[in-house]
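Take a walk through this structure with us. Keep the sequence at hand and look up each residue as it comes.

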Amino acid sequence: MLAANVPDWYIWSCKKIKYMFPKAHAAAYVMMAWRIAYCKVNYPLAYYAAFFSIRASAFSYSIMCRGQRHLENVMEEYKKREDTLSSKEKDTVKDMKIVQEMYARGYEFVPIDIFTAQSRLFQIMDDGRIMPSLNSIDGLGEKAADAIVEAAKDGPFLSKDDFRQRTKASKTVIEMMDGLNLLGNLPESNQISLFDLV
């Protein structure tokens, strides 16, 4: 570098800085930012579905998919205790801001349909809404979400007991899904009472 008359300050910087951000790297970042911005403006549903599928680290169906008012109430509650938020809650705040933006632009989520939802990927529906992935349900991991997708291929569930046996989902997850009205009107068990026939 000295032979090429590189200034001393640059040589000194190279000794201090482990990674010098080259122009090519900077150009690649700018090009990527332009592509993302273009998709966000011109293909918003594809942008949000991809973001939530790939980049969202703490997406919560129960917080984010129950409408704009519910989301903003939760955001306000988080803001009141921002100094005591856990790491996961801080990540949730980041995802909530993207969801808030999505709602502000007029886009919405459709409730999860356990027969058509995918385990990890958000889907764009024909009506212009986004269906969240099964693993966006709190407490439902990727393996459990995969098990639900596989079990749904074998036909309708007869009851919550049938759902539990076929998917191996925990009682807690089933109660949460039921509370979010994702199991429809499934009875508790397969047994029929005489009173059901009257």
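Asp-162 is buried, because its relative accessible area is 10% and buried means under 20% (exposed is over 50%, partly exposed in between, with a 1.4 Å probe and protein chains only). This is a predicted model, in which local features need pLDDT of at least 70, side-chain atom pairs count only at pLDDT 80 or more, and totals for chains, interfaces and linings use all residues. Residues are numbered from 1 along each chain as its sequence is written, and side-chain values use heavy atoms, with hydrogens and water left out.

Find Asp-162 in helix 8, residues 160–167. Helices (H or I, at least four residues) and strands (E, at least two) are DSSP runs, numbered from the N terminus. The side chain of Asp-162 reaches the backbone nitrogen of Leu-158 at 2.9 Å. Leaving aside residues up to four places away in sequence, Asp-162 touches Pro-156, Phe-157 and Asn-190. Contact means heavy atoms within 4.5 Å.

Follow the chain past helix 8. Ser-170 sits in the loop between helix 8 and helix 9. Ser-170 is partly exposed, because its relative accessible area is 37%.

Now look inside. The largest nonpolar core has 48 residues. Such a core is a set of buried Ala, Val, Leu, Ile, Met, Phe, Trp, Tyr and Cys residues joined through side-chain atoms within 4.5 Å. Phe-163 and Met-177 are among the residues with the most contacts inside this core. Several elements each supply at least two of the core's residues, including helix 5 (68–80), helix 6 (87–104) and helix 9 (171–179). Met-177 touches Phe-163, Ile-114 and Leu-182, among others, not counting residues up to four places away in sequence.

Next comes a helix pair. Two packed helices are described by the angle between their axes and the distance between the axes. The axes of helix 5 and helix 6 come within 10 Å and cross at roughly 145 degrees. Axes are lines fitted to C-alpha atoms, for helices over the stretch in contact, and angles run from 0 to 180 degrees between N-to-C directions. The contact includes Leu-71 and Met-75 of helix 5, and Val-93 and Met-96 of helix 6.

Lys-79 also belongs to helix 5. Is Lys-79 buried or exposed? Lys-79 is exposed, because its relative accessible area is 55%. The C-alpha atoms of Lys-79 and Met-31 are separated by 34 Å.

Methods:
Polar contact = N/O pair within 3.5 Å; in protein donor to acceptor, adjacent residues only side chain to side chain.
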